[in-house]
Amino acid sequence: MISLDTNVLLRLVLNDDPDQVYVAKQLIAQPCFIAPTVLVEVGWALRSVYRLDRKMVAAALLVILEYPAVEIDNVEAVRWALTRHAAAVSDLADLLHLACSPRAAAFGTFDRKLAQQAGQDMPLPVQTLRP
């Protein structure tokens, strides 16, 4: 199994280099792994460099989750984070940090809005820390 990098997923989403897109399609059709950190970087690139809106970013990443050969740790929690991000609720990285902490009892943050933005169905409680 191969773990895919951000640039491979960007070629799939953007379809902007025929040779690299061909290779990326071959790779994603085989058993492969995508780390949630790669999804954070893809999301950042699509928003910051390519100026896609949240809904387009989340939609593109959700399509990647549906490839039959793709393996992602905590895929349901990742799907939750992408769905919340598409709703213009919170930063994708923050939501993925929260979603990808399955062994934790709570998620500690100084971000006072995160618990509200994450909603009632968040994967674990958000504990707002105070100095």
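Buried means under 20% relative accessible area, exposed means over 50%, and partly exposed lies in between, with a 1.4 Å probe and protein chains only. Keep that in mind for the tour.

This is a predicted model, where local features need pLDDT of at least 70 and side-chain atom pairs count only at pLDDT 80 or more, while totals for chains, interfaces and linings use all residues. Residues are numbered from 1 along each chain as its sequence is written, and side-chain values use heavy atoms, leaving out hydrogens and water.

**Stop 1: helix α5.** Select residues 75-86. Helices (H or I, at least four residues) and strands (E, at least two) are DSSP runs, numbered from the N terminus. Helix α5 has 12 residues and reaches 16 Å from its first C-alpha to its last. That is close to the 16 Å expected at 1.5 Å a residue (expected span: 1.5 Å times one less than the number of residues). Now colour Ala77, Val78, Trp80, Ala81, Leu82, His85 and Ala86, which are buried in α5.

**Stop 2: the sheet.** Show the three strands of an open sheet, in the order β1-β2-β3, with parallel pairing. The edge strands, β1 (2-3) and β3 (70-71), each pair on one side only. Two strands pair if DSSP finds at least two bridges between them. β1 and β2 (residues 32-33) pair over two bridges. Click Ile2: its bridge partner in β2 is Cys32.

**Stop 3: the core.** Which residues have the most contacts inside the largest nonpolar core? Select Leu4, Leu9, Ile28, Ile34, Leu39 and Leu61. This core has 38 residues. A nonpolar core is a set of buried Ala, Val, Leu, Ile, Met, Phe, Trp, Tyr and Cys residues joined through side-chain atoms within 4.5 Å. Zoom in on Ile34. Not counting residues up to four places away in sequence, Ile34 touches Leu4, Leu9, Leu39, Ile64, Val70, Glu71 and Ile72 (contact: heavy atoms within 4.5 Å).

**Stop 4: α1 against α2.** Select α1 (6-14) and α2 (18-28). Their axes are 9 Å apart, at an angle of about 110 degrees. The helices are therefore roughly perpendicular to each other (65 to 115 degrees). Val8, Leu9, Arg11 and Leu12 of α1 make the contact with residues of α2, including Gln20 and Val21.

Stay on Arg11. Is Arg11 buried or exposed? At 12% relative accessibility, Arg11 counts as buried.

**Stop 5: two loops.** Move to Asn15, in the loop between α1 and α2. Asn15 has a positive phi of about 50 degrees, although it is not a glycine. Asn15 is exposed, at 53% relative accessible area. Finish at Arg51, in the loop between α3 and α4. Phi of Arg51 is near 60 degrees, and Arg51 is exposed, at 67%.

How values were computed:
Axes fitted to C-alpha atoms, helices over the stretch in contact; angles between N-to-C directions. Parallel < 35°, antiparallel > 145°, perpendicular 65-115°, else oblique.
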